[in-house]
Structure formats: C-alpha cells, structure tokens
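Good morning, and thank you for joining.

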Amino acid sequence: MGIYVYVTRRLFLSLIVLCGVSILTFLLTRVVPSRPEILWVGPRATAEQIAKAREILGLDKPLYQQYLMYIGAFVRGDWGISIRTKQPVLRDIGSRLPASLELILVSMFLAVLFGLPLGILSAAKAGTVLDHLGRLVSVAGVALPAFWLGMILQLVFAKELKLLPLAERVDTITLLLNPLKHITGFYLIDSLLSGNFVVFIDALKHLVLPAVTLSTYPLGLTVRMARATLLEVLGEDYIRTARAYGLREAKVLGKYALKNALGPVITVLALTFAYSLAATFLVESVFAWPGLGRYASEAIMVVDYPAIMGITMLVAFTYVALNLVVDVMLAVLDPRIRLE
Amino acid sequence: MSRAFLLALFGIVAFGLWGLGAQPNVAVYVYNSEVMIFWDPSDTYSNEIIAMNNMYEQLIRYDPLTDSFQPVLAESYEKSADGLTWTFYLRKGVKFHTGNELTAEAVKFSIERTIERGMGASYIWAPVEEIEVVDRYTVRFHLKYPAPLDLIASGAYAAFVFDPEYSDHEWFAAGNDSGTGPYTVEAWKPGDYLILKKFDDYWRGWEGKHFDKVIFKVVPEPSTRRLMLEAGTADYTNMLPITEIEALKDNPEVEIVTTPSFQNLLALFNTQKPPLDNVLVRRALAYTIPYQDIIEGVRFGYARQSRGVVPYGLWGYSDRVKQYTYSLEAARFYLAQAGYPEGGFKLLLTHVAGDEDERRVAELWKSTLAELGIELEIRGMPWEAQVELGQAPDPTKRQDIFLFYWWPDYPHPHSFLREMFGTRDEILFNFTYYSNPVFDELIARAEELAGIDRTEAINLYVEAQNILMEEAPGVAIYDLKYARAKRTSLKGYVDNPAYPHVVFWYECWREE
C-alpha cells in the first residue's frame, strides 16, 4: 500500500475517532448532574435570570440539537464560551497552551537526556549495581505521585535551600521591570529572541522544579523501555556474531543494537507526550503554572462543559496525530515495517 | 578541588541569585481562583470584586464595625422622612480613568444600566423607581417603597459608577475599566495574573505611602500560597485551610488577621417531609448539634456559635434572640413527645462536595444523632446538583437537611430571613419550604422600616428570629470568622466584612 493511501485511510479513521470522542464527552458532561445556567449567572440568580441564561446557552433545546449546534460551530472555529471564565474557549486554550507546551517539552527533553543513557547503561551492565539503580529510577519515576514529588521539591529547593523559585512561570515583578514581547508565547524562546536575558534566566529557574516533577513519569518509562528493548536486541544472533567478530562493545551497542532498539522507545515517548498534556493537571496546580492543565482541572471542577469539550478534543487530536506521525515515521525509518 | 568544580559551583550560586535586587513598590495578592470572571461593572457578582473595588468606587462605603458610612464619590447625602427620596451630593473634580469628569448624569446612567442589564446582584436596586439628575453634581433616587438606599448604594456588587462614554459590554469584557478608583488595569493574563497600576489623577491624590502597582496572582494550591507568603513573594492571601493558618501562626514574618464575617453555616430542615414536618422533631434536631465541638474541632476556634440566623456583627444580630445548646436530654424529651422515643428514622443531609468543613460538621453531627437512634446519610454534591435536588417538584423526594453557607449581597439582615424562610411561590433558596404569614408580615415591615427607623426594624427582626427559633425550620450553626494571612510588613490593612476578600490597596503600604 502506498504511503498516501495509508495516510488518507488513517486520517479518515482518525476523524471517526474524534467524532466518537466528541459525542461521548458531550454526553458525559451532560449526564453529570450540573446546572451550567446557574454557573453562568452566579449562585444567587433569580428565576428569570436563570431562564434567560438557559436561552443564551441553548440549554432549552433538545440534546441532539445542542450537539449539532456545538459541533457545527466547532468546525468553523467557534469552540463556544467558557461558562466559568466567560471567554471564548479557543482563546482561553490558545493563551494557556504555550505555557503547558513549554513545560512539557522541557520535561520530555530532561526525560530523554537522562532516561536514555541510564536505560542503555542499565541494559549494557545488566545485573550490576548500575542496572539495579536504573531499575529503581524507572520504577520510582513511574510510581511516584507527581503532586507529592512536586511539593517535596518545593519544600527542599524553594523553602529550605532557597535555590529555586517556589511556583509560577516567571516572577511577575521581574516581568514588570523587564517587559517581554510576546512572539511565540514560549517564555524561553521569546526572551532569547528579544534579548531579554533577565526574563530568560528567571523563566529557566522557574521551569526547573515543575519540569523535573513532570519528567519523572516519561523518564521512568524511557529507562524501562530502553533497557527492555536493548536487552532483547542484545540477545539476538547478529549481535552475537558482531561480538564474535571481535568488534568493540561500544560499537556493537552504539552502531548495531541501539538502532534497532530505539523504535519502541520513540513510540512510547510520543504517546507520553500526549499523556503529559493530561498529567500537567496536578503539576500545574501545585506550581501555580498558568497552563492548560490547570485550566482543565478548574473546568472539570465546575462542569464547564464547553471548556471540557475543547480540551478533550485537543488532547484527543494530539493523541491521534502523534500516533499517525510516529507510525509513518517508523515506517519511513525502518523499511521492514509495512504500512497496512 | 578542580577548577571546573569551582566554576560550576559559582555558576549555580550566580544562577540562584540572579534577578534578586531592589523590588519596586508592588503589592501581591495571591488568590485561589480566577480573579476576573465578570469585567462588566454592571454584571459583577463573583471573585472580581477583589480587584473591582480598587478600580471602581461606589457613592458611599459602609463600615459595619462602626455601623457608619464613609463618603466616597458622594460627599454627603440626605433622605426624606418617609425614606422614599434619597439625595446624594457628588464630589467635584473626580476623574474617570478615561479622563472624563464624574457627574450626576454618569451616576444615573451607571445605576440605570446595571438595573436594565438585570445581571448578577442588580436586583438590590429593586426599590428604585426613578433616578433624577437635580444638577451637575446632585443626584436623587425616588423609591417605590422605603428601603435603606445607603446600604444598597454602598454594596460590594452592582453599585459601581463608571464612565457612560466607555460602557460597551464587549469593551469591558476585553479587559478594560472606566472607573474612578485609585488603580486601573495595566495588564491581564487570564488564568495567570491581573496587574493594576496607580491612576495618577485619582481624586484623593498620591501623597503619603501607597503602592504603585498591585498584582493579583492565581494560585490554586493552598500550600503553595502559604509558602509564597512565607517566602515574601506574596503580601496577602484571603483564604487558607485552617491547618495552614495554624502552621503560620508562629512565623513572625506572617500575621493572621481575624474578623467576624457575615457568613454563616445553616442547616435547613425540610418542613414538608416527615418526620421533619413535625416541629417537635425539628426542635429535637436543633439540640443534637454539638456546637462547641464543631467550632473547636472543625474550625479550630475560627467561628462562633450563631444566635438566630443573622450573623454576629451585622445589624439585626441581637442577644435577645434565643440560642439552642447541645443537649441530648432535651433532644430525647422532644423526640419522645413527637412519638419517636427510640429515634428509628433516617435523614438525608446534602452539602457541597469538596467543602471539608461542611463534611466534617456533618460527620460530627452524625455521631450524636446515632446516639439517639437516628441515622444520617451524608451526601456531598456539586452545588448545582444540591440545588436541583432541593428544588425537586415532589417535596418528599428532596433532602431532609440542606447544609450550606449564606452571606448577604449587601449588609442587610433581610437576605438571611427572606431568602431561606420567607414564603416563596417558587423555590430559589427557601430549602426549608417554610411558610408562616405572621413571620412574612414581620420581615416585610422590618424591611420597610430599615431605611427610616433602624432601631424599630431591629426589634422586628429580633421578633421574627425568635419565631424561627421556636418553629425551628432550620438552624444556623456557626458564624464564620475570616482568618486572613498577610506579611507582617504589610500595613494599613483593615478587613471589612461588607466587602468580603477585598483589600483596599490604596489604604495599604509596606514597611520594611
């Protein structure tokens, strides 16, 4: 099958998945007992105010009609108005996404930077103290609750040692003194582009604790996957042959084993990226990080359904897109994989 | 030690110290939730009042501690003997942030727009018949019936005056303001922060110590707010869990400010559903609440037992109102009289899910009820769901006990009596489903008198509350005390319960 046919088919299937997700989420947010109209007008609203709000929000119409109206507007780029913040959902998401993406990207970078070598070492020195250490890190990384770890890091590095800032994305007063031009919404990039090094350093300092906290899960997973797949590959005949030829161990590992072991690691990493979008819920709350995760958790608390729909669709889209990209990428990288 | 190591060490220290230096004259308020919900001063009804009361001003401001009014945009005011006509004399030379001058026309426009939009707390203006512009600086309110317009005009919500030329709803919603207050918007990042800067032409001037800017930060996690306060990166936070407050008590850099609030926790009994349709059972129930244990165990002393339903500190509260005590003997006596000597029934209590205080109050109460053979089912629900169950068409399908907090929209006892106990055709907040014409008549007369003869109004409210104590359609358990945490260096702060969670930043300064 040609790659274009494959991609087209996958795109079509993705559309069905997204449709399913939208229907399911829409139903779920409506099945939960909630009164969005009360949230809209405030807790002390009169009966007339509530009736007016139902009309404005379209809640007086049958459910299927509400869904069709929603999805019709959604496709046109109108994701509705958040009942909680009273702002357009798309604008709300747009203003919070860069903060989350910056945090996730840095945490993924940390996960790969430390996870990959540790996994490789762990596999190469299987059974040694180093391996035990690697396995400990991987189990701890996956098992430690992020919000707990976040608070412990805050206590140690911010409160006791006073080395790093406690929370927030950047110190607001620093930002006031050194105004930042918003170009991409990523503070690190924007501050570098505009030569604002004070904000760059401040943003970097603020990133350390939340990024380390968020990186533990992908780090643990990377160590574990890298170790497992590498160990499997190292047991293959061609590796034994290479060793029999007397090749240096570093070459065997680096040139022959690693290449074949990386596929599954990349797949897992890509999926953890989408997972991190949801994992930021708690980390962002602990670190007062003004991102999408916190927006989502606040929306869920009050059943702000347009916001919940918007975020769910975004996360679903990210999952679907990343899956597709990874599959295609692996097929391109590894000729043995057939697109079916 | 290698040079590289020393260099790295230096790097780490430099990294840690970078950015520390002289701090500008900026105050930081860390708040648990999104600050700006409504930007339109006519619609305001939520968290935004903590910022809005620094951007906008009312005609007058109320000080419940002295039961007096401070002139703000109005220098003085007078009312007619029948309480139907109120005349406000405006301060001259007051500028809006837009540069325009405050006039009687602007006041008329602002209040009329708020009434017309009909959003939020706009109904507090219900008594107003007509607003008349007498001259450029005099505005007169004609009322349909006597009402305390001074209390209404000083409201924390819905009483702001703004520039008519800049009053487009969309313009407000984009993050703009057109008030007369000491501060105006500099920057707003939804979900993150709101920065206010001083308005140079503010009518009270900028002599003396004031902050140049105020930052409102959204920090949902209580432990993070506490740590920020300890670290000095925040000056003030309005609400922390009691456990965090207790932990902060011994820190000399942090001060806890305690004030009685106008907020109380009420248990409303379903008077239309057996067995609580029987007044004897309701009375028995009122005796089973372990008031002191709740105040000590749940609120760590940051509350006082309610007397009647009007909270302590608000006019209308009186020692002449009866108070229930915790007495299982009395409860047994009334239960036996009602025909339930061994208890033997089950009650459903609903409260807002996630409110730990409410849940723990219910748990404590459950254990005392169990001693009398009464089973209490505790159900935490989202507020909207709790309301929906309370409004179910069939009274027997509703809860037996509705546990929730109440606070007034403006400092008036009426809200506590009418909303929850007054006869209503449609259930809005009367989750007692109580109806008593004598009581209704009393509070209606009291409301009329409130604007003319405060003392007589209080007498009537006392009488009405004693009826409630007798018939027990519900009980107020405790009046909440606010415990605010602020840096000790922050001076000038006064907690005014009529403006909940508001810091009037113009009055504050930092003393190093």
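**Chain contact, domains and helix packing**

The contact between the two chains draws 45 residues from chain B and 42 residues from chain A. Please bear in mind throughout that this is a predicted model. Which elements of chain B give two or more residues to the side that touches chain A? They are helix H1 (3–17), strand S9 (193–198), strand S10 (213–218), helix H6 (222–231) and helix H12 (383–390) of chain B. By class, this side of chain B comprises 25 nonpolar, 10 polar and 10 charged residues.

I turn now to chain A itself. Chain A is divided into domain 1, which covers 1–84 + 305–340, and domain 2, which covers 90–301. Between the C-alpha centres of these two domains of chain A the distance is 28 Å. To their contact, domain 1 of chain A contributes 16 residues and domain 2 of chain A contributes 18 residues. On the side of domain 1 of chain A that touches domain 2 of chain A, we find 10 nonpolar, 4 polar and 2 charged residues.

Next, a check on one helix. Helix H4 of chain A, residues 63–75, has 13 residues, and at 1.5 Å a residue it should span 18 Å. The expected span is taken as 1.5 Å times one less than the number of residues. The end C-alpha atoms of H4(A) are 18 Å apart, so the model agrees with the expectation. After H4(A) comes Gly77(A), which has a positive phi, near 95°.

Let us now consider two helix pairs. How do helix H5 (residues 89–124) and helix H14 (residues 305–333) of chain A cross? Their axes come within 9 Å and cross at roughly 55°. H5(A) and H14(A) are therefore oblique to each other, and H5(A) passes H14(A) in a right-handed crossing. From H5(A), the contact is made by Val89(A), Leu90(A), Asp92(A) and Ile93(A); from H14(A), by Pro306(A), Ala307(A), Gly310(A), Ile311(A) and Leu314(A). These contact residues divide into 7 nonpolar, 1 polar and 1 charged.

The second pair is helix H10 (residues 197–234) and helix H12 (residues 249–286) of chain A, whose axes come within 9 Å and cross at roughly 155°. Angles over 145 degrees count as roughly antiparallel, and H10(A) and H12(A) are therefore described in that way. H10(A) passes H12(A) in a right-handed crossing. The contact of H10(A) with H12(A) has 18 nonpolar residues, 7 polar residues and no charged residues.

Terms used. Residues numbered from 1 in each chain as written. Chains lettered and ligands numbered in written order. Predicted model: local features only at pLDDT ≥ 70, side-chain atom pairs only at ≥ 80, totals over all residues. Domains from an automatic or database assignment. Contact = placed C-beta atoms within 7 Å. Nonpolar A, V, L, I, M, F, W, Y, C, P; charged D, E, K, R; others polar. Helix = DSSP H or I, 4+ residues; strand = E, 2+ residues; numbered from the N terminus. Axes fitted to C-alpha atoms, helices over the stretch in contact; angles between N-to-C directions. Parallel < 35°, antiparallel > 145°, perpendicular 65-115°, else oblique. Left-handed = near helix turned anticlockwise from the far one by under 90°.
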